[in-house]
Every structure is written in C-alpha cells, then in structure tokens.
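This briefing covers one protein chain, starting with its overall dimensions and ending with individual residues. Please read it alongside the sequence and the model.

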Amino acid sequence: MTKTIVYTDDAIPPMPIFSQAVISRGYVYVSGNIGCTKEFKVVEGGVKAQTRAALENLSIVLKAAGSGLEHIVKANIYLTNIKDDFAPMNEVYAEFFDKANMPARTCVGVAALPLGASFEMECMAEMP
C-alpha cells in the first residue's frame, strides 16, 4: 500500500505524533482539527467560532492534498457540550456544504478535547 503524507505551512501545524492528512487508495484522511490559531490558542467566540476556524483549516489541508470540502464523504465531529452546542455548531457547519451534497456524519459528545476546545472534526474525502 502506498500512502502520501500531506503537509502545508498554510494550515495549523500538526503535533509531532501525527500528520495533517494522509492520502491512500484515492482518499484523503484528515486528522482532527480544533478551532485554534497557529500558536495553538483556542479561538474566542465559543463553539461557532471554533467550528468555523476548524472547517477553514480543514479546507486548507484538503486543498493542499488536491481535494476539497465538497469531496468529503464522511465527517466525525466531537463536542464537549453536545446538549448546548449541537444546534449552533450545525448552523456554522451548514455554511460550508452544499445542501444537496452533504457528507455522511457522526457527532458525539466527549468529556474533553485538546487545549480545552469545544469542537473537533476529522474527515475522509475523495481525491477528484
């Protein structure tokens, strides 16, 4: 099996223990993204701002891989307060996707996320 590691300076740098993304067998697998700055500070503004920042970073990584948000086939989302944050997160999430071409998705509540974030998303996208 051949795999290609994706890295771009335009995106949030990955921790040294994982890649921003990996391309394999016609798909790009993007590591989890929280809404933070390149200095690893969680963005202010709650779950909406974190969702927007994470999706913008995911878009940058996917573009570097030769794909894009429109090619996502499966997304996994993690929220630390699913009861209160599910609806506002969905408002922002919906802005990034064509309503007729939404990816499959799982959203789960978790106890904690890195850096105290409220939102994290990872995804798998097709290579066009």
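The chain has a radius of gyration of 14 Å, which agrees with the value near 14 Å for a compact globule of 128 residues; the radius is taken over C-alpha atoms, and the globule rule is 2.2 Å times the number of residues to the power 0.38. This is a predicted model, in which local features need pLDDT of at least 70 and side-chain atom pairs count only at pLDDT 80 or more, while totals for chains, interfaces and linings use all residues. Residues are numbered from 1 along each chain as its sequence is written, and side-chain values use heavy atoms, with hydrogens and water left out.

**Fold and dimensions**

- The chain contains two helices and six strands, where helices (H or I, at least four residues) and strands (E, at least two) are DSSP runs numbered from the N terminus.
- Their order along the sequence is β-β-β-α-β-α-β-β.
- The C-alpha trace spans about 40 × 35 × 25 Å along its principal axes.
- Of the contacts (heavy atoms within 4.5 Å) between residues at least 6 apart in sequence, 71% join residues at least 24 apart.

**Surface and charge**

- Buried residues (under 20% relative accessible area, with exposed over 50% and partly exposed in between; 1.4 Å probe, protein chains only) make up 39% of the 128 residues.
- The accessible surface is about 6,900 Å², and 54% of that belongs to carbon and sulfur atoms; areas come from the Shrake-Rupley method with a 1.4 Å probe, and for residues only the protein chains shown count as cover.
- The chain has 11 positive and 14 negative charges, and their mean positions are 4 Å apart.
- In that count Lys and Arg are positive and Asp and Glu negative, with His and the chain ends not counted; each charge is placed at NZ of Lys, CZ of Arg, CG of Asp or CD of Glu.

**Ile 34**

- Ile 34 belongs to strand E3 (residues 27-34) and is buried, at 10% relative accessible area.
- Beyond its neighbours within four places in sequence, Ile 34 contacts Ala 54, Pro 114, Leu 115, Ala 117, Phe 119 and Glu 120.

**Positive phi**

- Most residues other than glycine have a negative phi.
- Phe 40, not a glycine, has a positive phi of about 65°; this residue sits in the loop between E3 and helix H1 (46-65) and is partly exposed at 30% relative accessibility.
- Leu 115, also in contact with Ile 34, has a positive phi near 60°.
- Leu 115 lies in the loop between strand E5 (104-109) and strand E6 (119-126), and its relative accessible area of 47% makes it partly exposed.
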